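Reader: I have a model open and would like to talk it through with you. Could you show it and take my questions one by one?

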Amino acid sequence: MRINDYTPLLVGKGVSSTDIQSYVPVVEQAIGALLDSLIQRRAETISVAGIYPIGCSATYLTVFQQDLGPKTGCVEWVNDLARRHNLQLQLELNRLRRTHRHSKISYADYYGPMMHLYKHPGTFGVREKLAACCGGEGPYNFSLSISCGSPGSSLCSDPSSYAG
């Protein structure tokens, strides 16, 4: 399972933010069904990761370039999607914990720590919180047509100073 099941919708054409939000329950039900299946097959310990603040990624900053938050510079409505997903995921995990009391189901929060980094980059020695270290041209060093490592891509000189 990918950490971001919404990428095809977010990068696709003609899908509104409201339409994308309507997929959250569908994604959560699919995750719940998968986890239930794993538990039925005797999985006892499961860790499930939430989504990081994807509205801060160079991909979505390049695609949308609007509704940027004043404190972070991230695409707010995309981060709203990530927060909603994470909240619904935690509710689904709580349901599974009640149903399968013998299993250990944990949640890994990527959103909170990453958002802290985006709000306080200097604390972590980060100089470029939104730009990609490797990629193409543009304000975020990202291009949909040039992937990291491909001919024509660029590489930053100090990866530790980049959050993305």
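**Walking through the model**

Author: Happy to! The secondary structure of the protein chain amounts to six helices and four strands, where helices (H or I, at least four residues) and strands (E, at least two) are DSSP runs numbered from the N terminus. This is a predicted model, in which local features need pLDDT of at least 70 and side-chain atom pairs count only at pLDDT 80 or more, while totals for chains, interfaces and linings use all residues. Residues are numbered from 1 along each chain as its sequence is written, and side-chain values use heavy atoms, with hydrogens and water left out.

Reader: Thanks! Which pattern does the protein chain follow along the sequence?

Author: The helices and strands number six and four. Read along the sequence, their pattern is α-α-α-β-α-α-β-α-β-β.

Reader: Where is confidence lowest in the protein chain, and where is it highest?

Author: pLDDT is the predictor's confidence in each residue, from 0 to 100. The mean for the protein chain is 88, and 95% of its residues reach 70 or more. Confidence is lowest in helix H1 (residues 7-11), at a mean of 73, and highest in strand E2 (residues 104-108), at 97.

Reader: Now Arg42, please: what is its phi?

Author: Arg42 sits in the loop between helix H3 (24-40) and strand E1 (45-49). With 73% relative accessibility, Arg42 counts as exposed. Although Arg42 is not a glycine, its phi is positive, at about 80°.

Reader: And what is the phi of Asn141?

Author: Asn141 is found in the loop between strand E3 (134-135) and strand E4 (154-155). At 23% relative accessibility, Asn141 counts as partly exposed. Asn141 is not a glycine, yet its phi is positive, at about 55°.

Conventions:
Buried < 20%, exposed > 50% of the residue type's maximum accessible area, 1.4 Å probe, protein only.
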